[in-house]
Amino acid sequence: MLIPAGACLATDHSAWHGACVGNPGKSRGGASKMQAKTYPIAAEPYEFDLKPAECALLIIDMQRDFLEPGGFGEMLGNDVSQLRRTIEPNRRLLAAWRAAGLAVMHTREGHRADLSDLPPAKKIRGRSKTTIGDPGPMGRILVRGEAGHDIIPELYPLAGEPVIDKPGKGAFHATDLHSILQHRGITQLVVTGVTTEVCVNTTVREANDRGYDCLVPEDCVGSYFPEFQEMGLKMIKAQGGIFGWVTSSPAIHAAIGKG
Ligand code: TIU
């Protein structure tokens, strides 16, 4: 099943609220938020206080064209195994997040079929023979509705989990993500996905500028380049957490459970 472009349905948070929030049924109000229990997570540069009612899991671009052997990423000469190691930790984290009844959102990088939202500069960058919109191994490359553009089956969105179709690297640029988060009272993001230095970093920076606290589990983000993986994470947590916090998924499971 393909998720249609722009799909967005409501998520039921009742499981977590019922289990963990001090005042069930009143979790959206300012006063009850103040009373809500927080869950400390070991992180760098210092502990992250997770507020379940205000924290969404945002899974960035776990798309077939970036991760699957024979996809666009591999066609460009990249080592997809560097990204594929993130699938299992993401699968476990997603299962735990869903079991706890917390908000889940997914993104996909891609463009309209007529490419009207594709900047000419992005189309020609790299001087590759095959570029966005051309026929690729799994349909037209990074075009919405094509097989390669869709999310890998291991992490497939459930009905009720918003899928943000984004034309850029950052998940906030030219999307309705900020509105969706604000309507749900989300102030914290656990950001996972690919690639660490490109779409994950860009999204964390955009989120930081909009006032969100971001926590990045290092085993749930991946780069084709090991040195960028290391530096991409260091850049987030440097200078007292200039863009956010870095942790690992076991530390999150220790706080919210295994699902
Ligand atoms: N999702 C994402 O990071 N898109 C990219 O194009 N990444 C690269 O590393 N090329």
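## Ground rules

The model is predicted, so local features need pLDDT of at least 70 and side-chain atom pairs count only at pLDDT 80 or more, while totals for chains, interfaces and linings use all residues. Residues are numbered from 1 along each chain as its sequence is written, and side-chain values use heavy atoms, with hydrogens and water left out.

## Overall build

The protein has 11 helices and 11 strands; these are DSSP runs numbered from the N terminus (helices H or I, at least four residues; strands E, at least two). Of the 259 residues, 52% are buried, where buried means under 20% relative accessible area, exposed over 50% and partly exposed in between (1.4 Å probe, protein chains only). Take the contacts (heavy atoms within 4.5 Å) with a separation of 6 or more: 75% of them come from residues 24 or more positions apart.

Helix α11 (residues 249–256) is mostly covered, with six of its eight residues buried. Those are Ser249, Ala251, Ile252, His253, Ala255 and Ile256. Just after α11, glycine 257 takes a positive phi of about 100°.

## The largest pocket

The largest pocket has a volume of about 790 Å³. Closest to its centre, out of 30 lining residues, are Phe72, Leu76, Glu109, Lys122 and Lys169. For the record, a pocket is an open set of points on a 1 Å grid over the protein atoms alone, where a 1.4 Å probe fits, with protein on both sides within 12 Å along at least five of seven lines; lining residues have an atom within 4 Å of a point. The volume is the space filled by probe spheres set on the points, which are joined across faces, edges and corners.

Three helices, α4 (72–75), α7 (120–124) and α9 (196–209), each supply at least two lining residues, and α9 gives the most, with three. By class, the lining has 13 nonpolar, nine polar and eight charged residues. Here Ala, Val, Leu, Ile, Met, Phe, Trp, Tyr, Cys and Pro count as nonpolar, Asp, Glu, Lys and Arg as charged, and the others, Gly among them, as polar.

## Around the ligand

A polar side-chain atom of glutamate 109 lies 2.9 Å from a ligand nitrogen, and a ligand oxygen is 3.0 Å from an N or O atom in the side chain of lysine 169. Valine 194 uses its backbone instead: a polar atom there is 3.1 Å from a nitrogen atom of the ligand.

## Serine 223

Serine 223 sits in the loop between β10 (221–222) and α10 (226–241), and it counts as buried because its relative accessibility is 2%. Its side chain makes a 2.9 Å polar contact with the side chain of glutamate 197 (N or O atoms within 3.5 Å; within protein, one must be able to donate a hydrogen and the other to accept it, and residues adjacent in sequence count only if both atoms are side-chain atoms). The serine 223 side chain also reaches the backbone nitrogen of phenylalanine 225 at 2.9 Å.

Most residues other than glycine have a negative phi, and most peptide bonds are trans. The bond from glutamate 44 to proline 45 is cis, with omega near 5°, and another cis bond joins valine 194 and threonine 195, with omega about -10°.

Alanine 174 has a positive phi of about 60° and counts as exposed at 58% relative accessibility. Glutamine 239, in helix α10, has a positive phi of about 55°.
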